Amino acid sequence: MNRIVAILAIVIGVAGYFWYSSTQTGGTSPDQQAQAERLLGAANAQTTAEDIDTSGVVEMQIGNPDAAVTVIEYASYTCPHCGSFHTGPYKQLKADYIDTGKINFVYREVYFDRFGLWASAIARCAGTPESFFGITDILYGTQAEWSRAGGGDPAQIADELRKIGRLAGLSGDAVEACLNDADQLRTLVAWYQGNAEEDGVRSTPSFVINGTTYNNMAYEEMARLIEEAAGS
């Protein structure tokens, strides 16, 4: 539980950081400074996952929701292995099983660091699965660039994520609102923590195929497991 409290505290600090960095070029008004201090100060609150209602978090899924097989991927936008999966085997999985309606595919974010959380905020900003998976494709396709911007400089990484959001059709105001939504960020972390504990996820990418959790694997092995789950 202490781990959850620490993660939630970091999340609120992250929101404060975003507000602060987005106002530096034009100066910080007293109202803006007060909001940043409120967000940062809230990091000391003893909030637990049980205190947070995660029922409003949208499951991002594509394919056939009524399929006999559900595949849940747990992945982090900053995980290189996840990037390799999405720019490679995922395309085959989509062609063979998602686009054909043979499976219901669910993507659940894992947050190892603040950059992955920020990326998630951008991906979810438009609110629809279609937009989410479109932005996810961009994030993984350009992972090496945005996640290492400025040698890992947080401000430059944030700016690169803002650019991705605008490239995907989000307005600048919408991007800032999503990045600064402390309540939503906190809820996403609690949601991730609960899901990961329930499914026994310890690494990324991990896949849950009809309730059984597997570590990263070759596409051929995944296809075999899907076929077995479908009763083929």
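The model is predicted, so to speak of local features a pLDDT of at least 70 is needed, side-chain atom pairs count only at pLDDT 80 or more, and totals for chains, interfaces and linings use all residues. Residues are numbered from 1 along each chain as its sequence is written, and side-chain values use heavy atoms, with hydrogens and water left out. Two landmarks to look for are an open sheet of five strands and a nonpolar core of 60 residues.

**The sheet**

- The strand order is β1-β3-β2-β4-β5, and the pairing is mixed. Helices (H or I, at least four residues) and strands (E, at least two) are DSSP runs, numbered from the N terminus, and two strands pair if DSSP finds at least two bridges between them.
- At the edges are β1 (60-63) and β5 (212-215), each of which pairs on one side only.
- On average, neighbouring strands of this sheet are turned by 20° against each other, direction ignored. For such angles, axes are lines fitted to C-alpha atoms, for helices over the stretch in contact, and angles run from 0 to 180 degrees between N-to-C directions.
- Strands β2 (residues 69-75) and β3 (residues 103-109) are parallel partners, joined over seven bridges. Across this pairing, glutamate 73 stands opposite tyrosine 107 in β3.
- By contrast in direction, β1 and β3 pair in the antiparallel sense, over four bridges. Here glutamine 61 has valine 106 of β3 as its bridge partner.
- In a regular strand, side chains alternate between the two faces of the sheet. Buried means under 20% relative accessible area, exposed over 50%, and partly exposed in between (1.4 Å probe, protein chains only).

**Helices on and around the sheet**

- Helix α4 (residues 89-98) lies across β1 and β3, and runs at about 145° to β3.
- Helix α10 (residues 182-199) packs on the sheet as well, touching β2, β3, β4 (206-209) and β5, and its direction makes about 120° with that of β3. Contact means heavy atoms within 4.5 Å.
- Helix α5 (residues 114-123) is mostly covered, with nine of its ten residues buried. Among them are Phe115, Leu117, Trp118 and Ile122.
- At the start of α5, a side-chain oxygen of aspartate 113 comes to within 3.3 Å of the backbone nitrogen of phenylalanine 115.

**The nonpolar core**

- In the largest nonpolar core, Leu93 and Phe105 have the most contacts. Such a core is a set of buried Ala, Val, Leu, Ile, Met, Phe, Trp, Tyr and Cys residues joined through side-chain atoms within 4.5 Å.
- Helix α5 gives the most to this core, with seven residues.
- Leaving aside residues up to four places away in sequence, leucine 93 touches Phe85, Ile98, Ile103, Phe105, Tyr219, Met222 and Ile226.
- Isoleucine 226 sits in helix α11 (residues 219-229) and is buried, with a relative accessible area of 2%.
- Isoleucine 226 and isoleucine 103 are 123 residues apart along the chain, yet their C-alpha atoms are separated by 8.3 Å.

**Backbone details**

- Most residues other than glycine have a negative phi, and most peptide bonds are trans.
- The peptide bond from threonine 204 to proline 205 is cis, with omega near -10°. Proline 205 is in the loop between α10 and β4.
- Asparagine 210, although not a glycine, has a positive phi of about 50°. This asparagine 210 belongs to the loop between β4 and β5 and is partly exposed, at 38% relative accessible area.

**Cysteines**

- The whole structure holds one disulfide, where a disulfide is a pair of cysteine sulfur atoms within 2.5 Å.
- Cysteine 125 is joined to cysteine 178, with an S to S distance of 2.0 Å.
- Cysteine 125 lies in the loop between α5 and α6 (129-141) and cysteine 178 in helix α9 (residues 172-179), so the bond ties together parts that are 53 residues apart in sequence.
- The torsion about the S-S bond of cysteine 125 and cysteine 178 is about 85°, so this disulfide is right-handed.
- Cysteine 125 is buried, at 17% relative accessible area. Cysteine 79 is buried at 7%, and cysteine 82 is buried at 0%.

Technical notes. A polar contact is a pair of N or O atoms within 3.5 Å; within protein, one must be able to donate a hydrogen and the other to accept it, and residues adjacent in sequence count only if both atoms are side-chain atoms.
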